[in-house]
Amino acid sequence: MERILQALSGASGITIAMMVAVALITITALLIPRADRRLLRLPVGFFIAHGVLRGIEQLLEDGSAMRKGIAILSLGSLLVCIGRTSVLLVLDVLLGRRLERELPKIIRDIMQGVVYFVLLLALLRQLGLEPGQLLTTSALLTAVIGLSLQDTLGNLIAGLSVQIQRPFSVGDWIQFDADPAHVGRVLEINWRATTILTLDEMEVVVPNGALAKAAVRVYTRPTRVVRRNIYVRATYDPPTRKVHKVILDAIRDMPGVLKEPTPTVVTAKFDEFAVEYWLRYFIDQFGRRDVVDGAVRDRIWYAFQRAGITIPFPQRVVHMQDSSAQARAQAAERRVAD
């Protein structure tokens, strides 16, 4: 890398590097999808900045400190342009077409960060600074930085494990803790946290470290088909088989309820005042689960009304007692008589 930088510091080396940058930008612009061409704005901007800084460098006095600083900035801009364009070409064009799907954002960020870090070390070496000496000059500073980044590194490693194991992906519906309200669709998985959109249209940012420690429920895997459960109660009067038929007929050909797998009903239990029935059916649009569940309950209610089946409610017997002075006196007389 040091030899490459020394070669690039010369006039011929800069010219070759500029030709390489132009070639990379042109090839990437031709091969990258049209919707992603906006990603080339950054490398093109650094290439333009290199040209401007290169022109300013030629106007300064030869050998001056200002000219040397401008030369370093100019070289850095050109290297960033080449590095960023190379990453786009490899990740978005070559790997993107080979894998037929977009790479996770956290993988892209880490690879881009590695490239920038290598370029930074190379520029520091070009300035005469030894990166190894800078990193080992203070053990206390290193320990403080390590402790301060403990949570960040934990989230980064957890995010990498999520991307490697892929328990869920962007677009999946998950529940990330025991609270039933914490159910949402995954919008983004980055190096620090996962962004989830709930049914209330609120974005919830969950650290990757917390997701790695929690039992995450994924409702859209292994397929988008998921079972829903509804419990219905009826009186003891109608036969259970009749209630089964009424419930299944009510949701037959209902929008949102899948025909396969077939809905089923079982007699769940006998309560003190009712028989409880367990309806199981399947949907493939988890985001509309509340709407479908409500429509299923509506149909069952109307079907019960047509069939003469009553949905019972708890009944209690209340005994009223007169506690007036006259009643207490009469009760005392009865006790004396007894």
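This is a predicted model: local features need pLDDT of at least 70, side-chain atom pairs count only at pLDDT 80 or more; totals for chains, interfaces and linings use all residues.
Reader: How far apart should the ends of helix α3 be?
Author: Helices (H or I, at least four residues) and strands (E, at least two) are DSSP runs, numbered from the N terminus. The expected span of a helix is 1.5 Å times one less than its number of residues. Helix α3 covers residues 41-59, so its 19 residues should span 27 Å. Its end C-alpha atoms are 27 Å apart, which agrees.

Reader: Which residues of α3 are buried?
Author: An α-helix has 3.6 residues a turn, so residues three or four places apart point the same way. Buried means under 20% relative accessible area, exposed over 50%, and partly exposed in between (1.4 Å probe, protein chains only). In α3, the buried residues are Pro43, His50, Leu53 and Glu57. They cover an arc of only 80° around the axis, which puts them on the same side of α3. The arc is taken over directions from the helix axis to the C-beta atoms. Arg41, Ile48 and Leu59 are exposed on the other side.

Reader: What is the strand order in the sheet of 3 strands?
Author: Strands of a sheet pair through backbone hydrogen bonds, either parallel or antiparallel. Two strands count as paired if DSSP finds at least two bridges between them. Here the open sheet runs β6-β8-β7, with antiparallel pairing. β6 (226-234) and β7 (264-270) stand at the edges with a single partner strand each, so one side of each lacks a neighbour in the sheet. The twist averages 25° from one strand to the next. β6 pairs with β8 (residues 275-283) over 9 bridges. Tyr231 stands opposite Trp278 in β8.

Reader: Which helices lie across these strands?
Author: Contact means heavy atoms within 4.5 Å. Axes are lines fitted to C-alpha atoms, for helices over the stretch in contact, and angles run from 0 to 180 degrees between N-to-C directions. Helix α10 (residues 240-250) lies across β7 and β8, at about 135° to β7. Helix α11 (residues 289-307) lies across β6 and β8, at about 30° to β6.

Reader: What covers the buried residues of α10?
Author: The buried set is Val243, His244, Val246, Ile247 and Ala250. Their arc is only 165° around the axis, which puts them on the same side of α10. Their cover includes β7, β8 and α11. Arg241 and Lys245 are exposed on the face turned away.

Reader: How many salt bridges does the structure hold?
Author: Side chains of opposite charge can pair when their charged atoms come close. A salt bridge is a side-chain nitrogen of Lys or Arg within 4 Å of a carboxyl oxygen of Asp or Glu. The structure holds 8. In one of them, Arg233 meets Glu276, with the closest N and O atoms 3.4 Å apart. Arg233 lies in β6 and Glu276 in β8, so the pair ties together parts 43 residues apart in sequence. Glu276 is buried at 11% relative accessible area, while Arg233 is partly exposed at 31%. A network of salt bridges links Arg233, Asp271 and Glu276.

Reader: Where do Asp249 and Lys245 lie?
Author: Both lie in helix α10, 4 residues apart, about one turn of the helix.

How values were computed:
Residues are numbered from 1 along each chain as its sequence is written. Side-chain values use heavy atoms; hydrogens and water are left out.
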